[in-house]
Amino acid sequence: MARDSKYPVSVKAGKPTLSSRPHGWHLISLEKCLNVENRKVDVLDDQEYDLVTVKRSRGGVVRREHLKGKDISVKSQFYIHEGDFLISKRQIVHGACGIVPKKLSGSIVSNEYCVMTGKPGFHLPYMEFLSETLYFQQTCFHSSIGVHIEKMIFKVENWFKWLFNIPPISEQKKIAKILSTWDKAITTTEQLLANSQQQKKALMQQLLTGKKRLNGYSGAFKRYHFSDLLKIDSKSLGTKTDPDFEFDYISLSDVELGKIGSVLEHHVYKNAPSRARRIVKAGDILLSTVRPNLQGFAKISNPHENCIASTGFSVLTPKKGTCGDYIYHYLFSAHITGQINSLVVGTNYPAINSSDVSGLCIYCPCYDEQVKIAAILNNSDATII
């Protein structure tokens, strides 16, 4: 059946190609490894049930809602147990599969899901590793039918026709154990990172509003407009630019939340996008005026010196007596975000006028304190990274 030619982001385009089989592994169909379970639920009107769903990109099995039987519209439901492997028939092309955790044992799913257990000689937790492989993802896609990505339906009978390289059960268990250990370590790291980011936000709130003052400094912060502290769009390519001038181009998609992409497009001026106009120097700050709600801003460092940026950015150059790093950190604050959001016009292509950038307000202490506050926040960033 015809299908949408656009692959989902979770799947690399192409026919599944099985890698060479390691010594001692078996080339078999997963039909010989898995049982498809159908634990029918007799849905009673006054009984309460937990319904679950599976998040895309192998994000795990999670509770969706808690309902009485009379409020469940689809009466064809099935029980799931701890350790089952669950596949969403409509979302598996986006990686929606996972192992049922203990806390969701006894929940129910409709026939929109495949519920699987392992046959003797197969360690079901190994499926979490297998589901991360490109081959697994592509076989799921090629075992689904439909004309549109969001409406494709997984056919388990088609999927069972694909052959997989499967290790002996002892090795399956070792692989699953190693990966489980790594998952726990990654989760711990992510939690530590989130805590660090929250601590930085709290520190920013105190330092950038004057609620917390550095030793030796006092007095209220002064209110300024950006135009008081920054030169805005002062450096642009002129009409006499050499047609053969070559440069790296910073587009709107290359910048988000303080970062510039590692790989930039290289252009010759005569063939370059018409928006490639702004010249940037180390110390400048890019601030997106198109889709500003995406927080498109970044500080220019030496590697991006003399790049050309899209006119979808305002280029902010600190004036003498203004600390650029202080301005940069201030852009993360809700005070600036709120001002920008209030200025956005348009719905299909939201933007703010370049002239509005000069009128954005900021509160600053004296230059020396700006420098010291910026240094503290720079150090905080270094520890988070």
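Trainee: Which residues is Asn165 in contact with, leaving aside its neighbours within four places in sequence?
Mentor: Leu18, Ser19, Ser20, Arg21, Trp25, His26, Leu27 and Tyr126. Contact means heavy atoms within 4.5 Å.

Trainee: Before I go on, what am I looking at?
Mentor: This is a predicted model, where local features need pLDDT of at least 70, side-chain atom pairs count only at pLDDT 80 or more, and totals for chains, interfaces and linings use all residues. Residues are numbered from 1 along each chain as its sequence is written, and side-chain values use heavy atoms, with hydrogens and water left out.

Trainee: Back to Asn165. Where does it sit?
Mentor: Asn165 is in strand 12, residues 163–166. Strands (E, at least two residues) and helices (H or I, at least four) are DSSP runs, numbered from the N terminus.

Trainee: Is Asn165 buried or exposed?
Mentor: Buried, with a relative accessible area of 9%. Buried means under 20% relative accessible area, exposed means over 50%, and partly exposed is in between, using a 1.4 Å probe and protein chains only.

Trainee: What does the side chain of Asn165 reach?
Mentor: The backbone oxygen of Ser19, at 3.0 Å.

Trainee: And Phe164, buried or exposed?
Mentor: Phe164 is also found in strand 12. Phe164 is buried, at 1% relative accessible area.

Trainee: What does Phe164 touch, not counting residues up to four places away in sequence?
Mentor: Quite a list. Among them are Leu18, His26, Leu27, Ile28, Leu130, Tyr135, Phe136 and Trp159.

Trainee: How far is Phe164 from Lys299 in space?
Mentor: 48 Å, C-alpha to C-alpha. In sequence, Phe164 and Lys299 are 135 residues apart.

Trainee: How many bridges join strand 20 and strand 23?
Mentor: 4, in the antiparallel sense. Strand 20 covers residues 285–288, and strand 23 covers residues 313–318. Leu287 has Ser314 in strand 23 as its bridge partner.

Trainee: What holds strands of a sheet together in general?
Mentor: Strands of a sheet pair through backbone hydrogen bonds, either parallel or antiparallel.

Trainee: How do strand 6 and strand 7 pair?
Mentor: In the antiparallel sense, over 3 bridges. Strand 6 covers residues 85–88. Phe85 stands opposite Ile99 in strand 7.

Trainee: Now helix 7. Which residues are buried there?
Mentor: Ile336, Gln339 and Ile340 are buried in helix 7, residues 334–343. Seen down the helix axis, the buried residues fall within an arc of 95 degrees, so they line one face of helix 7. That arc is taken from the directions from the helix axis to the C-beta atoms.

Trainee: What about the other side of helix 7?
Mentor: Ala334 and Ser342 are exposed there.

Trainee: What do the buried residues of helix 7 pack against?
Mentor: Helix 5 (226–229), strand 20, helix 6 (324–330) and strand 24 (361–364).

Trainee: How many disulfides does the structure hold?
Mentor: 0. A disulfide is a pair of cysteine sulfur atoms within 2.5 Å. For Cys114, the nearest cysteine sulfur is that of Cys140, 9.7 Å away. Cys114 is buried, at 4% relative accessible area.

Definitions and conventions
Two strands pair if DSSP finds at least two bridges between them. A polar contact is a pair of N or O atoms within 3.5 Å; within protein, one must be able to donate a hydrogen and the other to accept it, and residues adjacent in sequence count only if both atoms are side-chain atoms.
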